[in-house]
Amino acid sequence: MKREAKNIYSVTSSGNRNWGPNFGLAADRISQDFDIPLAFKFELSGTMEDINQFIDILKNFCDGSKRSSKKLDIA
């Protein structure tokens, strides 16, 4: 992770909100430990709204990010 963190655009996590404060904890830790932006957390498989919101986040983030080398082509 240390070697490749600079190549990772963002961290996203799915989980179950029943886990309380542990919901998406791995994403929180990866984001903090490796200075990688946390893009999104969603429950279970997510909803269509979650999916669309996630795509928008990635498009907007990666367009101006110093981590990106080109725009994402998300179908």
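Visitor: What relative accessible area does glutamate 4 have in this model?
Guide: Good place to start: this is a predicted model, where local features need pLDDT of at least 70, side-chain atom pairs count only at pLDDT 80 or more, and totals for chains, interfaces and linings use all residues. Residues are numbered from 1 along each chain as its sequence is written, and side-chain values use heavy atoms, leaving out hydrogens and water. Buried means under 20% relative accessible area, exposed over 50%, and partly exposed in between, with a 1.4 Å probe and protein chains only. Glutamate 4 counts as partly exposed, its relative accessible area being 35%.

Visitor: How many residues apart in sequence are the parts tied together by arginine 17 and glutamate 43?
Guide: These two form a salt bridge with closest N and O atoms 3.8 Å apart. Helices (H or I, at least four residues) and strands (E, at least two) are DSSP runs, numbered from the N terminus. Arginine 17 sits in the loop between β1 (11–15) and α1, while glutamate 43 belongs to strand β2 (residues 38–43), so the separation in sequence is 26 residues.

Visitor: Which helix holds aspartate 28, the salt-bridge partner of lysine 41?
Guide: The side chains of lysine 41 and aspartate 28 meet at 2.8 Å, N to O. Lysine 41 is partly exposed at 24%, and aspartate 28 is likewise partly exposed, at 26%. Because lysine 41 lies in strand β2, the pair ties together parts 13 residues apart in sequence, and the helix holding aspartate 28 is α1.

Visitor: In what order do the elements run from the N terminus?
Guide: The protein has two helices and two strands. Read from the N terminus on, their order is β-α-β-α.

Visitor: Where does pLDDT stay under 50?
Guide: pLDDT is the predictor's confidence in each residue, from 0 to 100. The protein averages 80, and 81% of the residues score at least 70. Contact means heavy atoms within 4.5 Å. The model has nine contacts beyond four places in sequence for the stretch under 50, which covers residues 69–75.

How values were computed:
Salt bridge = Lys/Arg side-chain N within 4 Å of Asp/Glu carboxyl O.
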